[in-house]
Amino acid sequence: MSVAEKAAQLRALVRMISDSAEAVIQEWEAEGRTPHDVTSVPRLPSRELFEARRLFVGACGMGVDLVHDPFTRMTELATSFFNSVSLRIAADTRIADVLRDADREKGISIQEISRQVRIAPEDLSRVLRTLTSLHIFKEVKDDFYANTDTSRLLVDNEPLRCWLLSQSTEVFTASNKLPDILYGSLDKPSSERKSGFQTAYGNTGSFWEWIEETVVRSDGTLGPRPELDIWLNGMWKFGLEHVQAPAVCFDFPWEAVGSKTIVDVGAGVGGMSFELATRYPKLQFIVEDRPVILQQAEAFWSSSLPDAVQNNRVRFVPHDFFSEQPIKGADMYILRHIMHDWADDECVTILKSLRGAMASESLVLIADNVMQTTAGSPHLKAAPPPLPANYGLAHSFANLHDLFMFVMFKGGERTAGEFVALAARAGLKLTRVWECRGLTSLTELRRDDYVA
């Protein structure tokens, strides 16, 4: 790229940063007129704020690439796993809680933090200075620290703490095996390939089988692995509620669905159906999962939305989604965060079981991330130039989460094109991607003989 081209690109990025920053400020000011507790379920951003955020982040990321010394930048990337480890240590030792009552201008000494978390002060300072450079904590003066607006979210927030740990413990160990499971994989059928987790932990079973095992705990008693509580708190109480799903209950025309029946396949306790049931009182639901899970589901619904259970707005049907779908001709089948857990062949089996049950007008909605590539897709909105189609840095968590699912479960997130290919193998076709204001979107599938 010539100097003139680089200069033109940098100026365009600076304009984009300035314009999107002003849009963010306007949205902040509008939000400020309606107070919200940031520690509760997050406020869904307006479409304007959602777009301005990803323009700003994408432009900043591309600007850094353009301006930074390339050798330094690649070196920083090669060593960035220390950022993850530092945040893991901070979450594990509850440093944000230690700083809870600290004066934001005075902070707490490294010696006092060290005493409470039982890490030598000279060692702990390395971790905290790494995180202060990322604005997670604040070093108010030499060796005195305080919370920032970001780290304050961790105070007394066990679900968020567990979410961060679930992203950086077993996953970190499994990710170290990524080269091992990739190199030579072309020569092995997919059925013989192990996940990074299986390779790292010497397991032949799945992660979920491992985490539900009974073990001897630190107090000498038998019980589930301690990691199970972390994953249940992190993934289900925080990840699904705050990170993955809120927008899917708003960015699809649910009101127009009326009183139709929705089959929630592999629903767990039926979290998405529950959210929809509270907002759209005409909708009917069938929650499907293993019998042991359905016991928890029925207890949850009975205590949280008893009218829905008593009036048969929700029914509970035991089902293994790899087997024949028992509910024939339903209006809609939902697969929420199911497909990304599985490799392609298993996903085709799941979809074929639905294809066999669908009526001519039935609809399948897959609630998963839909990956955008830098080259773009006709099914997804592209970023304006000079950004790549997927907004660059603003899309990075989606790519990281794809690798997360791959190393842990041999699954992964998928592009719209990959969903098209899976659907075709199962006798279905992709008719639309409903892009939502968050990581999760809704991919709409119909029977391959469907005519609008």
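This is a predicted model: local features need pLDDT of at least 70, side-chain atom pairs count only at pLDDT 80 or more; totals for chains, interfaces and linings use all residues.
Let us now ask which residues of α4 are buried. They are Ser86, Ala90 and Ala91. Around the helix axis these three cover an arc of only 135 degrees, which places them on the same side of α4. What do the buried residues of α4 pack against? Their partners are helix α5 (95–98), helix α7 (121–132), strand β2 (137–141) and helix α8 (158–166). Just after α4 comes Arg94, with a positive phi of about 60 degrees.

Helix α6, residues 110–117, can be read in the same manner. Its buried residues are Ile110, Ile113, Ser114 and Val117. The arc they cover around the axis is only 100 degrees, and this puts them on the same side of α6. The buried residues of α6 pack against α5, β1 (108–109), α7 and β3 (144–147). Just after α6, Arg118 has a positive phi of about 65 degrees.

I turn now to the sheet. In what order do the strands of the open sheet stand? There are 7 strands, in the order β8-β7-β6-β9-β10-β14-β13, and their pairing is mixed. At the edges stand β8 (314–318) and β13 (428–434); each has a single partner strand, so one side of each lacks a neighbour in the sheet. On average, neighbouring strands are turned by 25 degrees against each other, direction ignored.

Strand β6 runs parallel to β7 (residues 284–289), and 4 bridges join the two. With β9, too, β6 pairs in the parallel sense, over 4 bridges. Ile262 shows both pairings: it stands opposite Phe285 in β7, while its bridge partner in β9 is Met332.

Strand β9 itself, residues 332–336, is mostly covered, with 5 of its 5 residues buried. In a regular strand the side chains alternate between the two faces of the sheet. In β9, Met332, Ile334 and Arg336 lie on one side and Tyr333 and Leu335 on the other, and both faces are covered. Strand β9 is joined to β10 by 5 bridges, and these two strands run parallel. Leu335 stands opposite Ile366 in β10.

Which helices lie across strands of this sheet? One of them is α16 (residues 291–304), which lies across β7 and β8 and runs at about 170 degrees to β8. Another is α20 (residues 416–425), which lies across β10 (363–368), β13 and β14 (441–447), at about 150 degrees to β13.

Several residues in loops also deserve attention. His337, in the loop between β9 and α18 (344–355), has a positive phi near 55 degrees, although it is a residue other than glycine. His135, in the loop between α7 and β2, likewise has a positive phi, of about 70 degrees, and is not a glycine. Are these two histidines buried or exposed? His337 counts as buried, because its relative accessibility is 9%, whereas His135, at 59%, counts as exposed.

Asn203 lies in the loop between α11 (196–201) and α12 (207–211). Asn203 is buried, with a relative accessible area of 15%. Leaving aside residues up to four places away in sequence, Asn203 touches Phe197, Gln198 and Trp210. A further loop, between β11 (370–371) and α19 (396–409), holds Pro386. The peptide bond that joins Pro385 and Pro386 is cis, with omega about 10 degrees.

I close with the cysteines. How many disulfides does the structure hold? The number is 0. Cys249 is in no disulfide, and the nearest cysteine sulfur, that of Cys436, is 9.1 Å away. Thank you for your attention.

Key
Residues are numbered from 1 along each chain as its sequence is written. Side-chain values use heavy atoms; hydrogens and water are left out. Buried means under 20% relative accessible area, exposed over 50%, partly exposed in between (1.4 Å probe, protein chains only). The arc is that of the directions from the helix axis to the C-beta atoms. Contact means heavy atoms within 4.5 Å. Two strands pair if DSSP finds at least two bridges between them. Axes are lines fitted to C-alpha atoms, for helices over the stretch in contact, and angles run from 0 to 180 degrees between N-to-C directions. A disulfide is a pair of cysteine sulfur atoms within 2.5 Å.
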